[in-house]
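The tour below moves from stop to stop.

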Amino acid sequence: MTRLTRTHSLTTVSLLAMLALGACQPSDAANTSQTVDVANETPAPVAADGVIHPELWPEFTPPPLDPAVEARIDAIMATMTVEQKVGQVIQADSGSVTPEEVREYRLGSVLSGGNSAPGPLPYADTETWLEAADAYFNASIDPEGVETAIPIIWGIDAVHGHANLRGAVVFPHNIGLGATRNPDLIEEIYRVTARELSVSGHDWTFAPTLAVPQDDRWGRTYEGFSEDPAIVASYGDRIVYGLQGRPGTDDFMSTGHVISSAKHFLADGGTENGRDQGDALISEAELRDIHAAGYLTAIPAGVQTVMASFSSWWHQPMHGNEALLTDILKDRFGFQGFVVGDWNGHGLIPGCTSTDCPQAFNAGLDMYMAPDSWRELYHSTLAHVRSGEISQERLDDAVRRILRVKINSGIFEISQPSDRPLAGNAGVLAAPEHRAVARQAVRESLVLLKNADQTLPLDPGLTVLVVGDGADDIAKASGGWTLSWQGGGIDNSEFPNGQTILDGIRETVEAAGGSVIHDPDGTSAAAADVVIAVYGENPYAEFQGDREHLDFVPNGFDTNRLAELGANGTPVVSVFLSGRPMWANPEINASDAFVAAWLPGSEGGGIADMLFRTDPAFDFTGRLSFSWPGDALGEPLNPGDDAYAPLFPLGYGLGFDDDGALAALSEVSGLADGDSAPDGTYYTRGQTVTPWQASIWSGGASASADTLPAELDGIQVRATDRTAQEDSLQVTWQAGMTGLRLDTAEPVDLERQANGAMELAFQARAFGNAPEQVGVGIGCAADGECEASVPITIMQGNWSEYRISLNCFADAGVDMQAINSAFILSLPESGGEIGISEIRLDSDTDAMRTCGDTAN
C-alpha cells in the first residue's frame, strides 16, 4: 500500500523549527532531547513525485569552521597527488585488502563488515584486532612515495556494543532501548561502547541508526529505536555525545571516544512492505517529518559522518540522490562532515556497477564503501577525475571533508592503535560499571504486556522450571550483529563476560533458597511452583530478516507446551525474545505473565531482576516503542494511520501494581493456510509451504507428493516422525533415476539471498545400514534446463542437518533471480531409504562456503 500523506503523533516540522533555532549552539543541544508533541499544526502539502523542495525543509546554521583546521587541510591538500586524493575517497573491507595495498593505493579507510574480522572467525579477540589495526595504520602512515602520509580510520558496526569483539558487553538492541525512554542511559551506553572500541583500536563506528521503521516486517526493525520520530530525535544527539564527546569542550574526541556515523540517510525505515534496500514511495512531507527527525538532533550534536541508505525514494537510489545528499544534508542542514556509502550501495544506481559509479560521487557521496570492489573502483574513479566527469572541485570537496573529520578525531596526533590509551586494557573491556549499565538497560527495556492476578513479581524461594531454547543461549538473546553478521549459533563460551538468562535466574533463586530445574524442551514431568519460558525469534540481520507477515512461528521450542505446563494451575511466565512486535496471541493466552524482552544482550541477570524484583525499587518502566499487532498480516501499524487498531498501542506497558489481566485473545491470525511459515521455508512440520508443491519423479513421469503416501514407478514417499508425529518425509526407492522436488509456477528471486551468504538447509538421515549419497540441487526451470546439483552423503542413524551455500548453485550457472525449483533431490540407481525434514533457507553461521558432503 502506498501511503502518500498521513499525520503522526509528532509534527516534526515544529520540532525541527525549534531545533534549527539552536543549531549553532552545541552546548544547548542536550536540552532538545525530549519528546515534543505539537498535534495541531499541519505541514505544508508536498507533492509525491520524487522532487525535493529545499525551501520546505528546516535550515540549520552550522558553527563556524575552525580556521586552524581549515588551514591545515589546505596545507595537506597542497601536497597530495590526484592519485592520493582518489585513494582517500575509497574504503575497503579488511577481508579484501592487505596493509600493503592500503599503502600502495593510499586508501582513506578500512572497515570490517559483520563477518570480516581478522583470523578464521567472524569475530576476534583484543590481541587479534590490535595486531591487524597496527598493520593497517602503520601502512597508511608510511611516508615512502608521498609528501604527506594520511592515517586511515578503521570503521565497524558496533551497533549494540562492540559485538564483534570477544568479551565485550552486548547491550540490548535499539528496539529495546527505545522502550526505556531514557536519553541519559542511551548516552551512557554509547560512551561505554566507545571505550570498548578503543580497547581494540577502532576509530569509527557505524552508529547511530536513526531509522524510523514504519513497517515491522523490515529485517532491520530492531535497529530502530521507535516508529515514533520523537523518540528517535530524543536519542540522536545523546548517542553522538556518548560516542564522540560534546563539541566545543575538551571532551570532544578525547581518549575513549570514536567517530560516529548517523545512518541510513534517508527513509530506510519507510520502504514499501518493509523491504530492505527497497523503495520509499512516500511524500516529501513524510520523508521530512518522520524520517529526518533523528538527523536534526545528531547533526547539531556534531556527528562527523553520515551513511547513505541502500534504499530509494521514488525509484531514486539514495546513493545517487543529489537533492538529498547535497541540497538537503550538506546545504540545508549544514552538515560539515563526510558522507560514506553502504556496502557497494553505489552499484544500485542505474548505469552504475560496484566498480564504476561517478554518479554517486557527483551526487554528494564523499567516501565509497567498496568492500571487495575497491581496486577496480579506484581505477575507474581516477579515470573519471582525469576525464573531467568528476570535477577536481568535487574531488577536493570530498577530500577536504574527510581530512576535516580525521583532524577533528585527532588521528594525526596519536600513535599506532596498540600504543594508545585503553588499547588492550582488560580492565576496561566489560568492566563492572560497563556491565552494570547493560544490566540497567535490560531492566528498563522490558515491557510487561500481561500480568494476570499479579503473577509477577515471583517469589525467588520457589522451585522454578525454566524452559525454552532462549534461556541458556546468549547468542539468541542478543540477535543479529553479535559476533557475526547474522548472529546466532555461537556457544556461550564465546561470551566470557556475559551471563545467560538461565544463569541470572539461577543466581537469584538459589541465593534465596529456591531451586531451578532447566528443561529446554519443556517435556520434563518435574514438579515446579512456576514455569519461566524463554523463547522467540532466531537471530537475523538486514534483508535476511525481512518477513511477509508478523506471525510468530515457534522454533527451537514448541510453545504448544505452554498450555500443558500450566494445565495444573502452575503459573507460566513467558519471556519473549524478538526483534519486532509479533502476533503471538496463542503464546500470550497460554501465559499468566508475558514480557516483551526484545533482544536483551549479554546481561541475562537483568531479566531475573525484574521477574523476581530483586530490588524493591525496581518496576517495569519499559513502554512499547512500536505498536503491537492485533493480527499477523504485518500491514503498517502506526499512530495516525487509517484504522489504527493495535493489540497494544505505542506507549503501552504495565507496572507491577497495574491490573494486568487480559481477556482471551483471538487466535485467528488472519493468514491463509501455509502463509504462517517463515520466509524461506519450503517444508516444515510435515507440510509443504505455499507456493511450493512437492512431486516425485521417475524417468520422464511425475506425480504429486503433497498428499501422502505418494508412489510412482520405483519411488515411494510417506510420512515419518522426527521430533513430532509425521513431521517429516520418508523416501524409499528401488532402482532407476528417481527423485523428489519442490517447485513453484511463479519464479522466486533468490539473488539477494545468494549474495547475502545464505544456505539451503535441511534435516536428513539414512534408514538403512549404510550412508546414502544423493544429489541436492535447485533450478531456475522446472524442466531441468537450468539446474545444478551437489553430492551429499546422508548418514545413517540420527537426524543431522545438511547445508549448501546458495553461491555454489549460482557459480554453477543457476539464474538465482528466477528460481522455480527450491529443492531437487536426485536419488541413485542402487535404491535406498532416507528421511527428509525442515527444508529452508538459513544464514551461513560460520561464514564458510559449503558445497556438498557436509553434515553439521
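What follows is a list of selections, with what to look for at each one.

**Ground rules**

This is a predicted model, in which local features need pLDDT of at least 70, side-chain atom pairs count only at pLDDT 80 or more, and totals for chains, interfaces and linings use all residues. Residues are numbered from 1 along each chain as its sequence is written, and side-chain values use heavy atoms, with hydrogens and water left out.

**Stop 1: helix 14**

Select residues 392-409. This is helix 14, and Lys 406 lies in it. Helices here are DSSP runs of H or I with at least four residues; strands are E runs of at least two; both are numbered from the N terminus. Is Lys 406 buried or exposed? Lys 406 is buried, because its relative accessibility is 0%. Buried means under 20% relative accessible area, exposed means over 50%, and partly exposed is in between, with a 1.4 Å probe and protein chains only.

Now show what touches Lys 406. Leaving aside neighbours within four places in sequence, its contacts are Gln 88, Gly 108, Ile 150, Pro 151, Ile 152, Ile 153, Ile 411 and Phe 412. Contact means heavy atoms within 4.5 Å.

**Stop 2: salt bridges**

How many salt bridges does the structure hold? The count is 40. A salt bridge is a side-chain nitrogen of Lys or Arg within 4 Å of a carboxyl oxygen of Asp or Glu.

Select Glu 70 and Arg 404. Their side chains form a salt bridge, 2.9 Å from N to O. The pair links distant parts of the chain: Glu 70 sits in helix 2 (residues 67-78) and Arg 404 in helix 14, 334 residues apart. Both Glu 70 and Arg 404 are buried.

Next, select Arg 741 and Asp 743. They form a salt bridge, with the closest N and O atoms 2.9 Å apart. Arg 741 is buried, at 10% relative accessible area. Asp 743 is buried too, at 14%.

Move on to Arg 803 and Glu 759. In this salt bridge the closest N and O atoms are 2.7 Å apart. It also links distant parts of the chain: Arg 803 is in strand 29 (residues 800-805), Glu 759 is in strand 26 (residues 758-766), and 44 residues separate them. Arg 803 and Glu 759 are both buried.

Finish this stop with Lys 330, Asp 366, Arg 394, Asp 397 and Arg 401. Salt bridges with shared partners join these residues into one network.

**Stop 3**

Most residues other than glycine have a negative phi, and most peptide bonds are trans. Look at the exceptions.

Select Phe 265 and Leu 266. The peptide bond between them is cis, with omega near 10°. Leu 266 lies in the loop between strand 5 (261-265) and strand 6 (279-280).

Select Leu 708 and Pro 709. This peptide bond is also cis, with omega near 0°. Pro 709 lies in the loop between strand 21 (701-704) and strand 22 (710-712).

Select Gln 454. Its phi is positive, about 50°, although it is not a glycine. Gln 454 is in the loop between strand 12 (447-451) and strand 13 (463-467). It counts as partly exposed, at 44% relative accessibility.

Select Leu 483. Its phi is positive as well, about 65°, and it is not a glycine. Leu 483 is in the loop between helix 16 (474-478) and helix 17 (501-511). Leu 483 is buried, with a relative accessible area of 2%. Leaving aside neighbours within four places in sequence, its contacts include Pro 122, Tyr 123, Ala 163 and Phe 495. Ala 168 is 315 residues away along the chain, yet the C-alpha atoms of Leu 483 and Ala 168 are separated by 9.8 Å.

Select Asp 659. It is in the loop between helix 20 (605-611) and strand 18 (681-684). Asp 659 is exposed, at 68% relative accessible area.
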